[in-house]
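Good morning. Please take a look at the structure on the screen, and I will go through the ligand shell and then some salt bridges.

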Amino acid sequence: MGAFIDARTVPSGTTVHADVAIVGGGPAGITLALALANSKLKVVLLESGGMTFDAKTQSLYQGSKIGAPYVTLEASRLRYLGGSSNHWGGWCRPLDAVDFEERDWMPYSGWPITKADLDRHFVKAHEMCEAGTLYYDAAAKITGGIGKPLALGPGGITTRWFQFSKMRSSVLPTHFGERYAGDLKKVSRLSVYLWANVTRLGLNPSGTYVRQLDVATLDGRKFNVKAKACVLAAGAIEVARLLLASNDIVKAGTGNAHDMVGRFFADHPVPRDNAVLVLFGGEPAPFYLGNQTTHGAILRAGLFPSEKFRRDHEVMASSITVEGKVELDALGKAAVATTANALGVDAANASYHSLGCGMEVTPDPDRRLTLTDERDALGMRKLKLHMRIASQDFDKYRLTLKELGRQLIESRIGMVKLNLRTRDEWYASLDWGNHHMGTTRMSADPKNGVVDANLRVHNVVNLYVAGSSVFPTYGAANPTVNLLALVLRLAEHLKEELP
Amino acid sequence: MKTVSRRQTIWLGGAAAVLVAGGVGGRMLLRKRYAPTPYDDLIALVHDRDAAAQIGETVLAEVEDFEPIARAVSLRSRIAGRPLAVALTEDAAKGRLVEGGGWVLPETLGLICALAAKAAG
Ligand SMILES: Cc1cc2nc3c(=O)[nH]c(=O)nc-3n(C[C@H](O)[C@H](O)[C@H](O)COP(=O)(O)OP(=O)(O)OC[C@H]3O[C@@H](n4cnc5c(N)ncnc54)[C@H](O)[C@@H]3O)c2cc1C
């Protein structure tokens, strides 16, 4: 039987030995621990929190922010077993092949792996999210009984699908901690330490090997963990903090010889009510408006720019969602009546819906996390986020919406109104996906990133990162199922690498 | 029984004529008059000229150097006597769009609306 150990009971000065030490018990850490269960590896999982929310532990996530409006660093994450899956939305969708490609019009694009390298891991990743069979773009075949996708004419926008983590009454959707605690306990060579905060990566003098992880509890205990491989799975903000703060050997921070750690922070802006969708013939199919359960999957349709449109028009990914009904003003009524009449279409039953979306942002080295001189209750330096969004990101998304409008008119089924234009208007409507990404980006060349294609920190032989911090570009897909696919690939790698 | 004199009959008849004019013909008389323009043929393609003018005001805010006569000439040759709906779907197919107050419109329709706005003064 595996053990759940309260780190506050571990005597100070203890050294715990393991083959693999995982820092963080969110979806990434839990999935990695379970994926290593069928190996001979002795695994230790170090989780900062307990089984439920604790305010003192949560306050370790405090930091500051400047720049574009953004969620506070403390509010957008949860620091206990299960991590931010304790308040995630359960939306799932794999990235597209184009998201991995180097695109000359998209600065800093190009992953050192392709989508094909990940494909075989999505079934298991999906299973971990309890999101049922993978249908995604084949979903139209199984949703015929519910409704028809919009008959959009040829063009850049197509109906594509999200799937959702299983909804149930007590765990809604999959909260990885609560859901998998029982499974973790069944793994014989795994020890899960709760209330165990990793505060420092202790490197050898040449900075090429992690000799030990320093662990501290909020009640003052200090011990360390020595492992053949250490995997940072503490979320994209905290992984950067751990690397930057572990700077006693390499002054710029561990893995930061090229000043890349903490740079390229990203999230998906979610501008609310950014457009109005008019459908002359009436309501869209129910799967556009909310989740529908069929064939053992929970599905929702969105409107996405195709990979071809993205390449041809040099636009980033986005996922347009159809939201609640809206009323039109006098100009809107005039525009709909005039356009429908001119197109020879009856708009007596027209429907009007607000559009939402998740947008990809351009990778930006100056959208970054840095350490401040303020310290948390464990003495660790806090982070400051400098948030920025390029105006062209909004412009490109607007171009995508315009393409939707074009197709609706060409197919004589509807039209679109764009609600936002100026930067202030976009900012005023801005919400966020809370999808932290990019701070330890993957790269073939150590000069351009922090981890290699196997998620190993460049030049630190036994240090890995698991999570969306390794995404060099972000797509518009929700990150969790994708980061889990990467984690499952890492598990395979670790099993091969470690004797 | 009170009889109606010839004089009264004439008066009532005249009143009836006034009523008819006020009820039916009056609608014509009260109808908003627009000064004729050299592009009335294009404006006539949209069903509600006032609505078109309202949209057109917002289109004019987006379009630079809007010269009505020249626009009308090019719109006529673009429409080429075809039904307006055909010209509009062709606009969309060719990516010819214009915005008015955020509404994404086929360019031909947006520009006709702009002409209606110009005509409304
Ligand atoms: C409101 C909200 C809604 C979301 N909705 C969606 C969605 O619909 N779909 C989707 O795909 N994603 C969604 N996400 C994102 C999703 O929650 C994350 O992608 C996912 O939780 C990341 O998993 P992770 O294990 O990498 O990191 P986390 O979930 O952040 O887990 C990190 C773990 O590490 C622990 N930890 C941190 N620091 C230390 C330390 N120093 N020592 C030890 N342990 C430490 C934390 O306590 C935590 O348990 C949402 C996020 C939020 C906040």
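Which element gives the most to the shell around the ligand? That is α13(A), with 3 residues. Before going on, some conventions: this is a predicted model, where local features need pLDDT of at least 70, side-chain atom pairs count only at pLDDT 80 or more, and totals for chains, interfaces and linings use all residues. Residues are numbered from 1 along each chain as its sequence is written, chains are lettered from A and ligands numbered from 1 in the order in which they are written, and side-chain values use heavy atoms, with hydrogens and water left out.

Helices (H or I, at least four residues) and strands (E, at least two) are DSSP runs, numbered from the N terminus. A residue is near a molecule if one of its heavy atoms lies within 4 Å of it. There are 36 residues around the ligand, and A:A28, A:E47, A:S84, A:W91 and A:T480 come nearest.

Now the polar contacts, which are pairs of N or O atoms within 3.5 Å. A backbone N or O atom of A:A28 is 2.9 Å from a ligand oxygen. For A:P27, a polar backbone atom lies 3.1 Å from an oxygen atom of the ligand. At A:S48, a polar backbone atom is 3.1 Å from a nitrogen atom of the ligand. On its own the ligand has 990 Å² of accessible area, and the protein covers 93% of that; the areas come from the Shrake-Rupley method with a 1.4 Å probe.

Next, salt bridges: a side-chain nitrogen of Lys or Arg within 4 Å of a carboxyl oxygen of Asp or Glu. A:R93 is in the loop between β5 and α3 of chain A, and A:D137 in the loop between α5 and β6, so the pair ties together parts 44 residues apart in sequence.

Are these two buried or exposed? Buried means under 20% relative accessible area, exposed over 50%, and partly exposed in between (1.4 Å probe, protein chains only). A:R93 is buried, at 3%, and A:D137 is partly exposed, at 41%.

Another salt bridge joins A:R310 and A:E360, with the closest N and O atoms 3.9 Å apart. A:R310 is buried at 1% relative accessibility, and A:E360 is buried at 1%.

Finally, A:R93, A:D96, A:D99, A:D137, A:R160, A:R310 and A:E360 are linked in a network of salt bridges.

Conventions
A polar contact is a pair of N or O atoms within 3.5 Å; within protein, one must be able to donate a hydrogen and the other to accept it, and residues adjacent in sequence count only if both atoms are side-chain atoms.
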